[in-house]
Amino acid sequence: MASRRERLPDNACPECFAHPWLREFVETHSKRRGTCPSCRRRNQPLVDVSELCEPFENLMSCFSPAEGPPLEYGTPIVQLILDQWDVFSEHLSARDGDGLLLEAIMETGWDDDGVPPLSASDPYVSKRWSHDTLAGPVGGVLKGGEGRSYAAARIPRRGIR
Ligand SMILES: [Zn+2]
């Protein structure tokens with residue numbers, strides 16, 4: 001486990017992301033420049049992955065853990081995010097950096113409550129409303145606020161398809 005954790009990047013840069021709101025977020029929160037440990041681009045504005053925890057926790061509110069077989073098999077969470085949200089850059093995904101970055105970000109917000117930290121391969125499902133939300137304010141969900149309350153108001157009971 002330690003070896004995997006050591007591989008987790010501690011910083012990210014705008015080039016890690018495709019989403020314009022995230023790219024801008026990184027640029028405005030960056031305090032230094034350097035080679036990005038996630039995507040390896042040089043001379044980029046860097047932010048600590050913990051800065052990205054809140055937007056990603058908002059994003060994670062669009063998904064819930066799969067019930068598990070035979071009810072729900074789910075899809076690896078990193079794949080769901082890639083399929084549904086234009087969050088990570090192709091450059092990062094091509095280096096298989098997206099899952100590690102996702103894990104690194106989520107681990108910064110992890111409190112040791114007996115549940116292991118998120119793994120990029122954990123099976124998840126989209127909450128039903130997220131398909132509707134996609135047409136709406138994508139940046140709003142990352143930011144929380146309006147997009148989130150819109151989404152929260154639309155969470156249906158579990159199990160309804
Ligand atoms: Zn990067």
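Among contacts in the protein between residues at least 6 apart in sequence, where contact means that C-beta atoms placed from the backbone lie within 7 Å, 68% join residues at least 24 apart. Please keep in mind that this is a predicted model, in which local features need pLDDT of at least 70, side-chain atom pairs count only at pLDDT 80 or more, and totals for chains, interfaces and linings use all residues. Residues are numbered from 1 along each chain as its sequence is written.

The protein has 9 helices and 6 strands, taken as DSSP runs numbered from the N terminus, with H or I over at least four residues for helices and E over at least two for strands.

Let me turn to the sheet, which is open, has 3 strands in the order β4-β6-β5 and shows antiparallel pairing, where two strands pair if DSSP finds at least two bridges between them. Because β4 (63-65) and β5 (75-76) each have a single partner strand, they stand at the edges, and one side of each is left without a neighbour in the sheet. Between β4 and β6 (residues 123-126) there are 3 bridges, and F63 stands opposite S126 in β6.

Now the helices: the axes of α4 (residues 77-84) and α6 (residues 97-108), which are lines fitted to C-alpha atoms over the stretch in contact, with angles from 0 to 180 degrees between N-to-C directions, come within 10 Å and cross at roughly 110°. The two helices, α4 and α6, are therefore roughly perpendicular to each other, a term that covers 65 to 115 degrees. On the α4 side the contact is made by V78, I81 and L82, and on the α6 side by D98, G99 and L102.

Methods. Two residues are in contact if their C-beta atoms, placed from the backbone, lie within 7 Å. Angles under 35 degrees count as roughly parallel, over 145 as roughly antiparallel, 65 to 115 as roughly perpendicular and the rest as oblique.
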